[in-house]
Amino acid sequence: MKQIVGSTLQDLKGGDGSDPVTNFESDKSAAEYATLYRGDGLTGGHVIMLGADPLSKASALEALHAYPGGLQVGGGINADNCLSYIEEGASHVIVTSYVFNDGQMDIGRLKDLVQIVGKERLVLDLSCRKKDGKYAIVTDRWQKFSDVFVDPGVMEFLANFADEFLVHGVDVEGKKLGIDEELVALLGKHSPIPVTYAGGVTGMADLERIKSAGVGRVDVTVGSALDIFGGNLSYEEVVAWHVQQKAYVV
């Protein structure tokens, strides 16, 4: 299992044709991490398959089997295979490039997915990069800018088709350089449905910044910064913080 800098991916080569930047490579299986999350009662973790490697799919399925109903799966999801992952134990399927196809939003494909797995099982990945002062949704391993922007109108429309949004701040993702606070604030103010932000978390202070900038309405996913993935941020401390936040809500 690997933690990589997603913006360096391009058909398992970097954006310039080089190998993608790997932050961490574990000798633990994806199923072992899934079992850890299950033991700590963490739901909504993301299992992302990289490229067409059958080993990647096999690892993803092992994770789903280890924690049925607790994990979301993405990477190459389409109308032909989406239901199979739900049947294998995924709580949701995560989709980007299939819906934002050739730089455009393909409403037909989006409606097909909803018809097959249901709105309540679909997560739309609106990962984005800054372009001309706005956040453009990026596809094809975050290398290609679409003509669709993450703004109030787009989120309002897409909320009719999804249970949740997943939004990587691609310019900071995997680099542990700090969060994209402007993006978090946009999501917290305008997303009509649950939204999870990813990208740039380096320490506990960033979790509090997301809570503040997102006015308590933005969830967060943490990867490369965690000590279980070779970073300096204590997994146990993050879990304790998460439990504390849930207690406040209750």
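These are my notebook entries on what I looked up in this predicted model.

**Ground rules**

I number residues from 1 along each chain as its sequence is written, and since the model is predicted, local features need pLDDT of at least 70, side-chain atom pairs count only at pLDDT 80 or more, and totals for chains, interfaces and linings use all residues. Side-chain values use heavy atoms, with hydrogens and water left out.

**Entry 1: overview**

I began with the secondary structure, which comes to eight helices and 14 strands. Helices (H or I, at least four residues) and strands (E, at least two) are DSSP runs, numbered from the N terminus. Then I checked burial: 49% of the 250 residues count as buried. Buried means under 20% relative accessible area and exposed over 50%, with partly exposed in between (1.4 Å probe, protein chains only). I also looked at contacts (heavy atoms within 4.5 Å). Of those with a separation of 6 or more, 64% are between residues 24 or more positions apart.

**Entry 2: the parallel sheet**

I traced an open sheet of seven strands, paired in parallel, in the order β3-β4-β5-β8-β12-β13-β14. Which strands stand at the edges? They are β3 (45-48) and β14 (218-221); each has a single partner strand, so one side of each lacks a neighbour in the sheet. From one strand to the next the twist averages 30°. For angles, axes are lines fitted to C-alpha atoms, for helices over the stretch in contact, and values run from 0 to 180 degrees between N-to-C directions.

I looked at two of the pairings in detail (strands pair if DSSP finds at least two bridges between them). Strand β4 (residues 71-74) is parallel to β5, with three bridges, and Gln72 has His92 as its bridge partner in β5. Strands β12 (residues 164-168) and β13 (residues 195-198) are also parallel, over four bridges; there Leu166 has Thr196 as its partner in β13.

Is β5 covered on one face or on both? Both: His92 and Ile94 are buried on one side, Val93 and Val95 on the other. Helix α4 (residues 107-117) lies across β5 (92-95) and β8 (122-125), at about 155° to β8.

**Entry 3: the core**

Next I looked up the largest nonpolar core, which has 70 residues. Such a core is a set of buried Ala, Val, Leu, Ile, Met, Phe, Trp, Tyr and Cys residues joined through side-chain atoms within 4.5 Å. Val73, Leu126 and Phe165 touch the most other members. I followed Leu126: leaving out residues up to four places away in sequence, it touches Phe100, Ile137, Val150, Met155, Leu158, Phe165, Leu166 and Val167.

**Entry 4: the antiparallel sheet**

I found an open three-stranded sheet too, antiparallel, in the order β9-β10-β11. Its edges are β9 (128-131) and β11 (144-149), each with a single partner strand, so one side of each has no neighbour in the sheet. On average, neighbouring strands here are turned by 50° against each other, direction ignored. Strand β10 (residues 134-139) joins β11 through three antiparallel bridges, and Ala136 is partnered by Phe149 in β11. Phe149 came up again in my ring search, with Lys134 over its face at 4.1 Å from the ring centre. A charge sits over a ring if NZ of Lys or CZ of Arg is within 6 Å of the ring centre and within 35 degrees of the ring normal.

**Entry 5: aromatic pairs**

How many aromatic pairs does the whole structure hold? My search found three. Rings of Phe, Tyr and Trp (its six-membered ring) pair if their centres lie within 6.5 Å; planes under 30 degrees apart count as stacked, over 60 as edge-to-face and the rest as tilted.

One is Tyr33 with Phe229, tilted, at 5.0 Å centre to centre and 35° between the planes. This pair links distant parts of the chain, 196 residues apart: Tyr33 is in helix α1 (residues 30-39) and Phe229 in the loop between β14 and α8 (235-249). Tyr33 counts as buried because its relative accessibility is 5%, and Phe229 does so at 4%.

Another is Tyr37 with Tyr235, whose centres are 6.4 Å apart and whose planes are at 35°, so this pair is tilted. Here α1 is linked to α8, across 198 residues. Tyr37 is buried at 19% relative accessible area, and Tyr235 at 7%.

Back at Tyr33, I noted the charged end of Lys28 over the ring, 6.0 Å from its centre.

**Entry 6: helix α7**

Last, I listed the buried residues of α7 (residues 204-213): Met204, Asp206, Leu207, Ile210 and Ala213. Just after α7, Val215 has a positive phi of about 45°.
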